[in-house]
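Today I opened a new structure and kept a few notes as I went. Have a look at it yourself first.

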Amino acid sequence: QVQLVESGGGLVQAGGSLRLSCVASGSIFMIKAMAWYRQAPGKQRELVALINRGGSTNYADSVKGRFTISRDNAKNTANLQMNSLKPEDTAVYYCAGQGPDTIYGMDYWGKGTLVTVSS
């Protein structure tokens with residue numbers, strides 16, 4: 001099994017920055033891609049950014065140019081650098097991992113960390 005633990009959330013003013021971190025433990029060799037999702041109050045969970053084992057990335061249109069996902073395979077971490085934050089970025093952010101046999105979707109989830117952006 002794989003365990004994912006997020007950290008780095010908090011309260012920030014619009015225009016500010018935050019860095020989220022996710023540490024993976026357990027059967028980490030099983031993780032193929034890692035991603036950050038978010039869920040705002042009253043909305044569905046959405047993909048924010050994804051990075052595969054080779055370092056290729058995908059971003060939601062709403063965060064392109066502002067957020068950067070990175071991964072350190074040696075340290076079993078995935079980070080999300082968030083700049084120029086907007087109030088609409090307020091959400092619970094979840095780290096997720098994709099298992100070796102999965103093509104779509106994620107198999108492993110952290111418990112989430114709250115990001116609040118004030119106007």
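**Ground rules.** I worked with a predicted model, where local features need pLDDT of at least 70, side-chain atom pairs count only at pLDDT 80 or more, and totals for chains, interfaces and linings use all residues. Residues are numbered from 1 along each chain as its sequence is written, and side-chain values use heavy atoms, with hydrogens and water left out.

**Strand β9.** I looked up residues 91-97, which form strand β9 (strands are DSSP runs of E, at least two residues, numbered from the N terminus). Is β9 mostly covered or uncovered? I found it mostly covered, with 6 of its 7 residues buried (under 20% relative accessible area, 1.4 Å probe, protein chains only).

**Its partners.** Which strands pair with β9 (pairing takes at least two DSSP bridges)?
- Strand β4 (residues 34-39) is joined to β9 by 6 bridges, and Met34 stands opposite Gly97.
- Strand β10 (residues 108-109) has 2 bridges to β9, and Trp109 is the bridge partner of Ala96.

**Arg45 and rings.** Next I checked for a charge over a ring (NZ of Lys or CZ of Arg within 6 Å of the ring centre and within 35 degrees of the ring normal). The charged end of Arg45 sits over the ring of Tyr94, 4.0 Å from its centre. Arg45 also lies over the face of Trp109, at 4.6 Å from the ring centre.

How values were computed:
Buried < 20%, exposed > 50% of the residue type's maximum accessible area, 1.4 Å probe, protein only. Helix = DSSP H or I, 4+ residues; strand = E, 2+ residues; numbered from the N terminus. Pairing = 2+ DSSP bridges.
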